[in-house]
Amino acid sequence: MEIIKNSRLGESYFRIKHKSGLTIILYPMKGYSSVYATFGTKYGSVDTEFKTNKDKDFITVPAGIAHFLEHKLFENEDCDVFELYAKTGASGNAYTSFDKTCYLFSCTDKFKESLKILLDFVQAPYFTEQTVAKEQGIIGQEIRMYDDNPGWRVFFNLLNALYVNHPVKIDIAGTVDSISEITAELLYDCYNTFYNLNNMVLSVAGNFEIDDVISVADECLKQNENITIERSTYDEPDTIAQPEITQELSVAFPLFSIGFKAKPFYGRELLKATYETKLAMDLIAGDTSPLYREMYESGLINETFSNEVFFGNGYFAPI
Amino acid sequence: MGLYRKQIGKGICFNAVTDERYKTNRITVNLITTLCEETASANAAAANMLDKSNSKIPDRSDFSIRLGELYGTSVTGVVSKIGNNQIVSLAASFIASKFAFDGENIKLEAAGLLRDCLLSPAMEDGKFPEAAFEIEKNNLIDDIDADLNDKRVYSVNRATSVMFEGEPCSIHKLGTRQTAMALTSDTVTKAYNRLLSEAQIEIMYVGCEDYADLCEYFEKEFSGIKRGNVGGICGAETKIKTETENVTERLSVAQSKMVLGFKTDSEDREAFRLLSAVYGGTPTSKLFMNVREKMSLCYYCASRYDRFTKSLVVECGVENENIEKARAEILNQLEMIRNSEISDDEMLFAKLSIQNALKAAGDSPGALEGWYLSQIFAETSLSPEQVNELAGAVTKQRVAEAAKSLKLDTVYVLTGEEE
């Protein structure tokens, strides 16, 4: 067990490599009422081409499948996961982003029982053509809901302007057309590749006992063969796709987003580049900068103006 | 953890909750007044003017730098509404003093900043500076218009304005575009002075440090304010329509929104808390399990009870062709509750969900502050634990009675433009 300490805060947390291959991070917070647990996999919307050491060739899957898989995992063969959580009083949820999918719950009681539910259902995929067809309808509605969100649209339009081939430019949920190509078999292919415990992390914070997490982990986690996953690099050029995209929507006033395409970084260099870039952006256009003040006082921006460093496997863009 | 409450002036109270677990503290000064179309925008504009500078630090960049020096302290002006009341709040959030590198008392520094922003704002010739005012006026107009950018928020606000037409709570918390456009720095300065003179002022401190010095500080600093006729908190009495009002609005949208607004004259708040959870408040509620999961009619379909307007709202995102089917099923599920068709599991799951949320309230300074402010509005001082006990005692019969008391007041639909 590795202990990570901060003496100024008087806080510490623990990191364990479980015998199953899972990385477990534990942050006990005594005196609090609630516990939060997140069980995540390093698999997101950008992972549309991949292979393992056992595959000869790369396989390509439809856009939106990581998010689709997230929805489907909640449907057990026997019952709905939300019904299981309801019995323990836990509040469960999940999300898919560009590079990860996470399943989480918070609770103030019956933590061990809720943790068991979490670990069990994420490790028990159940996909059939009937359940896939039903979810296509629900996710289709989710996609249309986001079509009306101007902040979401301006962000993805920016990504489409910056990136030529990289799937980061595609909506995390895919499109109505792309999700119509998803099959139960493809879901199992993705699940068996990425939901390998060696590719996953369990993180727990709040009022809990470390021994409780370890005992549930020992009981519930299955042994997974340690496979190597290779993710495609997508042949992304240094040049942008196009300098500008404008879309009309019924909005009260325009939104804009400006992005700069940089070469991607990896490993420790990525961490360094992220902080350097964020500092540079705050100096140039943060709320104490002369530029921010000039634009604010001339009415060009308001308090929603902000910046971020957007990065992942094969992409790095100050926005 | 209980609430410490002390009256420190005419219509001014200091409230505090301390908990040594917290690493950050919050002080919020809430100025509470009745929502009124003539003053809502002016009050909101005043909030925008107060959080960026003060008479000692009139330059906004210098003000941001000062916040940075105080380890990233934030000072934020916020406008909200509870029932018929508009609340103009100035909030400071800051780290606990024990984490400061050189032993600075961040708590008192932040209190001082808040005091200077609220009681000694940057002024020119006795009013808010023109140049700064014009910028914030445009920002306010943008904020009022911004509802349109979020169709879910927009549709709920539109439904509310129809449900409570003619009543203070129908007014948007920021007022209207028309009243905002007519604002001048003179009228906003007058609104600011009126708030200081007549609003009920509730100062809330939630943090890990002792509050005695803060109470003393604010009592001294607020003693110099000339107070007039303090309005107090405006309670809610709403008219219930005899027939449902149906409103359809068309905009260019991919997904339609539907809001069903119900009103009640029942005072059984805890029964409504359970009703809302059973009906549409959780992923195992009747609306989620039936309207979304079984019938796939909506991507989201949820209910929310507001005790300050004695209303319950169901809102959903729905495909245009499913609007009528969704409406019928939403009403069918309510009818089932009226007929006491509530399973033991549904009641148990609702109570456990409520218990989970209430127990967790104390883990966040912001959540706890919001909790006790709502208690002040309800003229009670119950802790989350006490409310949990009351909710736990609610029976199926009380839930059914609460459902029977609901009258469908308004159905609002936002849908696509006709081709």
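**Salt bridges, a buried aspartate and a nonpolar patch**

Lys54(A) and Glu225(A) form a salt bridge in which the closest N and O atoms are 2.7 Å apart. This pair connects distant parts of the chain, 171 residues apart: Lys54(A) lies in the loop between β5 and β6 of chain A, and Glu225(A) in the loop between α8 and β10 of chain A. Lys54(A) counts as exposed, at 54% relative accessibility, while Glu225(A) is partly exposed, at 47%. The model is predicted, and it holds 55 salt bridges over all chains.

In chain B, a salt bridge of 2.9 Å (N to O) joins the side chains of Lys310(B) and Glu267(B). Elsewhere, salt bridges with shared partners join Lys72(A), Glu75(A), Lys134(A), Glu135(A), Arg292(B) and Glu293(B) into one network.

Asp116(B) belongs to helix α3 of chain B. With a relative accessible area of 8%, Asp116(B) is buried. Its side chain makes a polar contact of 2.8 Å with that of Arg115(B). Beyond residues up to four places away in sequence, Asp116(B) touches Asn54(B), Lys56(B) and Pro121(B).

On chain A, Leu279(A), Leu283(A), Ile284(A) and Leu291(A) make a nonpolar surface patch of about 410 Å². Helix α9 of chain A gives the most to this patch, with 3 residues. Leu279(A) is found in that helix and counts as exposed, at 56% relative accessibility.

Technical notes:
Residues numbered from 1 in each chain as written. Chains lettered and ligands numbered in written order. Predicted model: local features only at pLDDT ≥ 70, side-chain atom pairs only at ≥ 80, totals over all residues. Heavy atoms only, no water. Helix = DSSP H or I, 4+ residues; strand = E, 2+ residues; numbered from the N terminus. Buried < 20%, exposed > 50% of the residue type's maximum accessible area, 1.4 Å probe, protein only. Contact = heavy atoms within 4.5 Å. Polar contact = N/O pair within 3.5 Å; in protein donor to acceptor, adjacent residues only side chain to side chain. Patch = residues over 30% accessible without salt bridge, like charges linked within 9 Å, V, L, I, M, F, W, Y side chains within 5 Å. Areas by Shrake-Rupley, 256 points an atom, 1.4 Å probe, with all protein chains shown as cover. Salt bridge = Lys/Arg side-chain N within 4 Å of Asp/Glu carboxyl O.
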